[in-house]
Amino acid sequence: MPERSGSPGSAPVADVSLLRGLLLQFALRALLAVFIGSGLLLQPPNANRWLHWGILAGYGASVTVWGLWAQRSADRSDQRTQRAVSLLMLCADLTVVAIISADTGLSSPETWTSDVLQHGLFLIPLIAAAQLDPVVSAMIAIPTVGTFFVVNWIDREANGHEPWGSILLRTAIVFGLAAGSVALSWIQQSKTRTITDLALERTRLLEEVISLEKRERQSLSERLHDGALQYVLVARHDMEDVRDGSVEGMDRVDFALAESSRLLRDVVRELHPEVLARAGLKAAITALADSIAARTSIAVQLDADGWPDNLRTDADYLLYSAAREFSTNAIKHAHADNLRFTLAHNGNRAELRITDDGVGIPPNRLAQSIENGHIGFASICTKVLATGGEFAVTGSPGTVISIAVPTSRA
């Protein structure tokens, strides 16, 4: 059975797979019991009938006990215990069919009981495949094939000395079915693990996004408190001098209100830039590039020919935030002389590349920045990955940041 993970994100996936596997095993074992019982009724042997029915009754009891254990304890037991119980039950499945088939073939060769019941061995690989454990399937495959061959060997004389070629061909079919059960178990286990990994990754990304948004709100609160709010408090304090007719007090209040307005405008622009809402992403990044070129000595280039002028997508704000964040890093830390934005839209995929010729980003720089509270880089990266996009940082010296996200028109 598949190995269970302790993470809450993977528990539902493992529980569903485990429950389905147990239900399938129980159904196949019930079918096997019905098949054996029908064979004993429709093709009754001439000897040891009560022994065969006693073996079948014991098998039914063991399946019932296993079903109760699986329902109550299988989801709380470790993989080693699950594997041991699975092998024990598969041995019981194989033993029941083998003993009844071999005994009826030896004690009642004149009947068709053994020839009918030996086909119950075809269900054993299917039951093994339902374990979703290729190791269990492989361990039961060889005994199943060997048992099928031995039972046919016992019945060979009663069947008029059946040719060995016929026996080998039918044994080869059982071998193919057993090998297929091993492959199916491996495929299903791999699929289950992939789904579990995806669930874990989704949970991790959601947790990171929530954490980053919380820290961003804290950062915004600190900016408002340490910036605009301080100027408002200063202006309020200077109002006493204004009431007394102080011209210098009026100048101080005017300066404080002007700075407060500028800081608030910057915060509002970062939260939702007006040009982005009015004219779209291409115009917003064009305005950002012009602003950088106007206030710094960096030569800024923009290649947006691959982006239609009037295109609006649900990724516009994320891409604009990325352009603003990484261009700010290039200005403050990269010591770059040239900065280039490349914007393109390819079908349902938006692409943004920010390139500079600065000092580059050392491998330990990102982790150190996050530890110091600079979460903009990690925030953009997490949000891009959470949308199913791609995020890559290359280049040294210089830095190339490549972002590609799936989009839909807005």
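What follows is a conversation about a predicted model of a protein.

Colleague: How many helices and strands does the protein have?

Modeller: The protein has 14 helices and 5 strands. Of its 410 residues, 39% count as buried. The accessible surface comes to about 22300 Å², and 60% of that belongs to carbon and sulfur atoms.

Colleague: Why is histidine 52 called buried?

Modeller: The relative accessible area of histidine 52 is 0%. Buried means under 20%, so histidine 52 is buried. Histidine 52 is placed in helix H2, which covers residues 49–73. Leaving aside residues up to four places away in sequence, histidine 52 touches Leu40, Pro45, Ala47, Ile100, Asp103 and Thr104.

Colleague: What makes the pair of histidine 52 and aspartate 103 a polar contact?

Modeller: The contact joins their side chains at 2.6 Å. A polar contact needs a pair of N or O atoms within 3.5 Å, one able to donate a hydrogen and the other to accept it.

Colleague: Arginine 49 is also placed in helix H2. Is arginine 49 buried, partly exposed or exposed, and what makes it so?

Modeller: Arginine 49 has a relative accessible area of 43%. Buried is under 20% and exposed is over 50%, so arginine 49 is partly exposed. A polar atom of the arginine 49 side chain lies 2.6 Å from the backbone oxygen of proline 45. The C-alpha atoms of arginine 49 and threonine 104 are separated by 9.0 Å, and these two residues are 55 residues apart along the chain.

Colleague: What makes the pair of phenylalanine 122 and phenylalanine 148 edge-to-face?

Modeller: A search of the whole structure finds 5 aromatic pairs. In the pair of phenylalanine 122 and phenylalanine 148, the ring centres are 5.6 Å apart and the planes are at 80 degrees. Rings pair when their centres lie within 6.5 Å, and planes over 60 degrees apart count as edge-to-face, so this pair is edge-to-face. The pair links distant parts of the chain, 26 residues apart: phenylalanine 122 is in the loop between helix H4 and helix H5, and phenylalanine 148 is in helix H6.

Colleague: Which residues do ring pairs link into a cluster?

Modeller: Ring pairs link Phe149, Trp153 and Trp164.

Colleague: How do you know that the charged end of arginine 29 is within reach of the ring of tryptophan 66?

Modeller: The charged end of arginine 29 sits over that ring, 4.7 Å from its centre. The distance limit for a charge over a ring is 6 Å, and there is also a limit of 35 degrees from the ring normal.

Colleague: Which residues have the most contacts inside the largest nonpolar core?

Modeller: That core has 35 residues, and those with the most contacts inside it are Leu319, Phe326, Phe341 and Ile403. Several elements each supply at least two residues of this core, including helix H12 (316–334) and strand E5 (399–406). H12 gives the most, with 8 residues. Among the residues that isoleucine 403 touches are Leu319, Phe326 and Ile380. Apart from this core lies another, of 32 residues, among them Leu22, Leu28, Val96 and Phe148.

Technical notes:
Residues numbered from 1 in each chain as written. Predicted model: local features only at pLDDT ≥ 70, side-chain atom pairs only at ≥ 80, totals over all residues. Heavy atoms only, no water. Helix = DSSP H or I, 4+ residues; strand = E, 2+ residues; numbered from the N terminus. Buried < 20%, exposed > 50% of the residue type's maximum accessible area, 1.4 Å probe, protein only. Contact = heavy atoms within 4.5 Å. Phe/Tyr/Trp six-rings, centres within 6.5 Å; stacked < 30°, edge-to-face > 60°. Areas by Shrake-Rupley, 256 points an atom, 1.4 Å probe, with all protein chains shown as cover. Core = buried A, V, L, I, M, F, W, Y, C linked by side-chain atoms within 4.5 Å.
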